[in-house]
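Colleague: I'm new to this one, so could you walk me through its pockets?

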Amino acid sequence: MNKSPFDLGPWPPLGYVGSALDRAAERRGNAAFVAAAERHRGAGVYAISGEVVVLARRGEILDPLLSPEEASALGHIFERVLVGQVDGAARTGVSLAQETAEVLKARGDLLILDLRSIAMQGFAPEHLPGLATAKALLTWHATHRFCAKCGHETKNTEAGWRRDCPACGTHHFPRTDPCVIMLAIDGERCLLGRQSRFPPGMWSCLAGFVEPGETFEEAVRREMFEEAGIRTGRVSYYASQPWPFPMSVMIGFHAEAETTQLVIDHKELEGARWIERAEIAEMLLRRHPGQIFTPPPVAIAHHLIRAFIEKGAKVSGD
């Protein structure tokens, strides 16, 4: 890679990736294995209630990994899932009632904080993949309690990685929603959009869910045309990222623009604009005179944009 003409500093880590966990998928149905991992002296628990996580205050450290004893003292647990193991020690996720989380806010030894803020503020980055897995699994359990085939209530099995229907015998598995996120490139400029739900001043890549029977590349081209009226040709894969809001995976691409006239779908976007490479570098560095900026480093959009700043139009041809 040629040296970038922009001084962007060290490349920041992408959030929710790089897990050190052994998911132990082939042993989830082994009750003895799960019990032994949960009894291990290094076992830890992620306690989650909806969008928020319970963190223990350990001096200056905010720790999302509670001991089993600390987790048991929080209150009633609705669901328990085995996130994985580290050197034989279980990493477990448990779900708490919203009312329990509200009560816990009064405890001085705990902090209740949403997962997005934990990631953006840089707390416990080594635990983000485990937290993302736990949150996505527990959300799935909370929203898929009944059999889609016969309507009977289902049961948590396989250490939280399956729900079984005792009435009709159907097995149900956790759901992950694939979503493409893409940066269209036209020479020395790229296309950014913003939605009304974004923080004031933030512009980002366009994104959309993959439809049944569709490849990722087809989804990139369709979403780009539907939202901004842009036709794209060559599509280049960049990276992927778990996105536990509530349970998606973001598949990132750069796309070569074939047309540039914008036709914005205002039901999806508040606005869209082509932005020159030098200007977007100022946005990424939070130095833009208009106080507009890109998403934070935890998000894959930040990395798609930075890669374009670093390499220019070449990034869409990798």
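Predicted model: local features only at pLDDT ≥ 70, side-chain atom pairs only at ≥ 80, totals over all residues.

Colleague: Which residues lie nearest the centre of the second largest pocket?

Modeller: That pocket holds about 360 Å³ of space. Its lining has 21 residues, and nearest the centre are Arg 23, Thr 133, Ala 136, Thr 176 and Pro 242.

Colleague: Which element gives the most to that lining?

Modeller: The elements that give two or more residues to the lining of the second largest pocket are α5 (128–143), β13 and β14. With 6 residues, the top contributor is α5.

Colleague: How many residues of that lining are charged?

Modeller: Sort the lining of the second largest pocket by class and you get 14 nonpolar and 5 polar residues. The charged ones number 2.

Colleague: What about the largest pocket: which residues are closest to its centre?

Modeller: The largest pocket has a volume of about 810 Å³. It is lined by 33 residues, and closest to the centre are Arg 116, Arg 197, Phe 198, Trp 243 and Met 250.

Colleague: And which element gives the largest share of the lining there?

Modeller: Elements giving two or more residues to the lining of the largest pocket include α4 (115–120), β10 (177–186), β12 (206–209) and α8 (300–311). The largest share is 4 residues, and it comes from β12.

Conventions. Residues numbered from 1 in each chain as written. Heavy atoms only, no water. 1 Å grid on protein atoms, 1.4 Å probe; cavity = no way out; pocket = protein on both sides within 12 Å on 5 of 7 lines; lining within 4 Å. Points joined across faces, edges and corners; volume = space filled by probe spheres on them. Nonpolar A, V, L, I, M, F, W, Y, C, P; charged D, E, K, R; others polar.
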